[in-house]
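Thank you all for coming. I will walk through one model this morning, and I would ask you to keep the structure on screen while I talk.

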Amino acid sequence: MRKSRLATGIVAVAVLAGTAACSAGSSTDDDGKLTFMFRGGEDEKAAYQEAIDRFSEETGVEVEVIVTDADQYATKLQAAISGNNVPDVFYIEQASLQSYVTSGVLLDITTYVEDSGVDLDNIWEYGVDSYRFDGKLQGTPDGALYGLPKDVGPFAMGYNKTMLEQEGIELPDEDEPLTWDEWLDILKDVTKDTDGDGELDQWGTGLNVQWNMQGFAWSNGADWTNEDKTQVTVDTPEMAEAMQFVADLTTKHEVSPSAEQAATLDTYQRWMEGELAFFPVGPWDVPVYNELDFEYDLMPFPAGSTGEPATWIGSLGIGVSGTTAMPEEAAKLVTYLSADETAQQTLVDAGIQVPNLKDVATEWAAEEDAEPANRQEFLEIIEEYGRPMPAATTYGAAWYDEMWTNIQPVIDGKQTAAEYLEEVQPRMQQLLDEANTQAEQAAAANAGAEG
Amino acid sequence: MAQASRLHRAEHRWALAFVAAPVLGFLFFTAYPVGFALYTSLTRWNGLGRMQFVGLDNYVRLFGDQYFWQTLGNTVFYMIGIPVGLALSLLLAIGMNRAIPLRSVLRTVYYIPVISSLAAIAILWQWAYNGDFGLVNQALSLVGIEGPNWLADTTWAKPAIVVMMIWKGLGYSMILYLAAIQSVPRSLYEAAELDGAGAWQKFWTITFPMVRPVTFFLVVTNIIGGSQIFTEINIMTPTGGPEYATASSVFQIWRQAFKYQDMGYGTAMAIMLGVLILVITLVQFQLNRRNSFVID
């Protein structure tokens with residue numbers, strides 16, 4: 001009896017002590033090893049491991065890899081940072097760059113990158129500039145460098161070549177974008193019941209307003225904010241027209257699976273089943289789409305009133321911890337992953353991204369028998385008509401997310417886009433104001449702390 | 001004598017050690033975090049950098065924040081599942097108290113959801129609620145009803161989640177009720193029978209009052225647990241449902257604190273929720289005391 005009580009006491013104390021001890025410890029100590037935290041699926045993990053192994057071989061720097069699922073990454077990184085356990089090198093999202101910089105989580109790697117002899121001009125400007133921050137604005141070409149692009153993700157429009165050929169429709173031109181009307185005509189032509197059971201089983205497209213309407217808005221001359229990101233400008237006729245156009249594809253023109261049909265099998269699956277003629281394609285989709293039973297290719301986004309196509313480019317960066325014990329090695333790993341030709345080739349061969357280096361990319365686009373054939377479209381988006389997501393360079397995305405929270409009535413055709421945008425603009429404005437105040441205060445507080 | 005005092009001292013030390021464990025635990029894992037949260041709620045903090053004291057700003061902002069009120073309303077809505085769930089589980093407990101065939105099998109069946117992982121259950125129900133393939137709508141279509149796309153419909157999303165919560169909690173309440181019913185003295189029923197009481201009268205005047213302490217316990221714990229509903233919501237409707245129809249208070253707190261890195265504001269909401277739960281619980285204790293009775 002006595003013994004067991006003693007044992008219980010010891011166990012209880014040990015448990016307490018153990019939990020307390022867990023919070024100590026840090027990877028930023030000088031153990032001669034780098035920790036690299038990133039996210040991605042199996043393919044990506046394997047490709048990165050290969051590149052990292054080569055890095056270790058060449059430089060003699062050991063790298064410990066922590067990889068998470070895409071949706072857990074942000075939470076885990078946040079936990080690591082709060083616990084003072086920041087990995088030496090890690091992925092950063094464009095939208096969190098500013099708060100990380102003002103909190104001292106990210107290291108200014110400008111000089112390290114310059115010293116490394118990397119030719120920054122050979123990396124996409126968009127990719128590099130996304131991680132520049134001058135204390136006020138992000139994305140400016142002369143800001144300090146807080147990371148290099150892991151990749152850039154141009155979001156292109158794709159079409160089902162096999163279907164269009166079967167339907168006897170002229171394939172979209174690679175250089176001349178379709179107008180919305182021309183595009184809509186094609187959508188109407190291909191939407192039909194192919195097996196005669198009285199139900200549609202082939203549609204023009206199936207767009208998701210939240211992820212696909214940006215290009216339509218920009219190409220129609222609309223934008224989410226003014227240039228210095230202080231005014232929300234979604235309540236314009238141009239924006240309303242673009243949003244209405246996308247919503248009407250389902251509710252009015254019925255060239256896109258209805259909400260019920262989309263609930264049964266979402267449009268991404270339907271595209272892969274070959275039921276849709278047009279669907280957006282990102283570089284990350286390519287390995288999967290290349291295995292499909294039909295041929296597809298890329299084209300410019302249909303153009304609105306400006307006559308110019310538009311779409312967004314995503315990007316993820318690789319940054320260095322502000323408290324790393326090995327800044328030089330860490331920065332070297334960043335430049336290696338982002339800009340080394342062999343490393344890039346490994347990642348590109350795995351089919352997971354567009355090359356970061358312009359010369360490698362040009363070769364890649366010109367490859368014979370490339371799939372999709374018009375890879376050049378990705379490069380044109382990066383260099384010519386792609387833009388960052390509206391919230392990519394603001395302090396947090398709450399203001400932008402607000403746009404989509406109550407969007408359902410517009411998608412269902414119960415409210416017009418114009419009415420909705422009128423309603424949502426003040427709420428977005430308020431959130432953007434708060435974000436901007438926070439950005440200023442955070443910058444001021446941290447500047448004060450350092451000074 | 002010396003023997004006794006040594007024993008006494010030894011026991012004393014042990015007592016202190018045993019008292020120290022929970023006290024230290026409370027200080028480290030409850031008092032300190034709560035104090036820290038109170039302070040955090042008065043700051044602007046992104047969870048990374050320096051905290052900036054802003055006084056009651058976060059609380060002021062709360063009152064004008066439509067999503068705070070909307071999610072609080074949603075959370076209250078989920079509570080309608082509590083009385084329904086308790087009534088059903090009491091009914092079940094009475095049923096299970098009878099000598100019916102396969103009694104222990106049935107008891108186990110009703111208890112399985114309680115011990116299952118909440119995440120797994122949420123995913124299962126998400127499938128069951130699918131507008132086209134879902135079991136729920138398939139079952140409804142057998143009787144000629146065309147069900148809505150439950151989780152994507154502003155009207156039906158919340159009731160759908162309530163039904164799931166009731167189902168999940170049934171077994172636990174049933175077991176507690178069963179134990180309470182079995183401890184009701186037989187003599188009370190016998191006396192009532194002699195007086196000519198019917199089944200309904202026996203239930204209403206004996207069983208129901210006798211299980212009151214259990215009902216009270218379940219109501220209190222269910223309200224406390226229900227106000228913190230999060231996992232189901234986050235798994236079944238990751239964006240907070242159509243027009244934010246399913247987002248609960250904790251979902252909103254989590255979103256503010258971790259998605260928008262507004263720890264100060266998120267914490268202020270959490271404190272408000274905590275205070276609300278405390279007040280409701282105190283009121284319940286008060287009501288319970290007023291209505292309680294003792295059998296001699």
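Predicted model: local features only at pLDDT ≥ 70, side-chain atom pairs only at ≥ 80, totals over all residues.

In the UniProt record, an unreviewed entry, the annotation "transmembrane region" is placed on residues 14-39, 76-96, 108-128, 160-180 and 265-287 of chain B; the positions are given in the numbering used here, the feature names are shortened, and such annotations may be inferred rather than shown by experiment. Taking two of those spans, residues 160-180 of chain B are 100% helix and 0% strand, with the end C-alpha atoms 30 Å apart, while residues 265-287 of chain B are likewise 100% helix and 0% strand, with 33 Å between the end C-alpha atoms. Helices here are DSSP runs of H or I with at least four residues, strands are runs of E with at least two, and both are numbered from the N terminus.

Residues are numbered from 1 along each chain as its sequence is written, and chains are lettered from A and ligands numbered from 1 in the order in which they are written.

Turning to chain B as a whole, its secondary structure comes to 14 helices and two strands. Its radius of gyration, taken over C-alpha atoms, is 24 Å, well over the 19 Å that the globule rule gives for 296 residues, so chain B is more spread out than a compact globule; that rule is 2.2 Å times the number of residues to the power 0.38. Along the principal axes, the C-alpha atoms of chain B fill a box of roughly 85 × 75 × 35 Å. Of the 296 residues in chain B, 29% are buried, where buried stands for 20 or more other C-beta atoms within 10 Å of a residue's own, exposed for 12 or fewer, and partly exposed for anything in between, with C-beta atoms placed from the backbone.

How is chain B divided into domains? The assignment, which is an automatic or database one, gives domain 1 (2-58) and domain 2 (61-295), and the centres of these two domains of chain B, taken over C-alpha atoms, are 32 Å apart. Between them, 11 residues of domain 1 of chain B are in contact with 10 residues of domain 2 of chain B, a contact being two C-beta atoms, placed from the backbone, within 7 Å. On the domain 1 side, helix H1 (2-40), strand S1 (43-44) and helix H2 (57-63) of chain B each supply at least two residues, and the largest share, three residues, comes from H1(B).

H1(B) returns when we look across to the other chain. There, 24 residues of chain B are in contact with 30 residues of chain A, and H1(B) gives the most to the chain B side, with seven residues. By class, that side of chain B has 12 nonpolar, eight polar and four charged residues, counting Ala, Val, Leu, Ile, Met, Phe, Trp, Tyr, Cys and Pro as nonpolar, Asp, Glu, Lys and Arg as charged, and the others, Gly among them, as polar.

I will finish with the backbone. Most residues other than glycine have a negative phi, and most peptide bonds are trans. In the loop between helix H16 (358-366) and helix H17 (376-385) of chain A lies A:Pro372, and the peptide bond from A:Glu371 to A:Pro372 is cis, with omega near -5 degrees. A:Asp369 lies in the loop between H16 and H17 of chain A and has a positive phi of about 55 degrees although it is not a glycine; A:Asp369 is exposed, with 5 other C-beta atoms within 10 Å.
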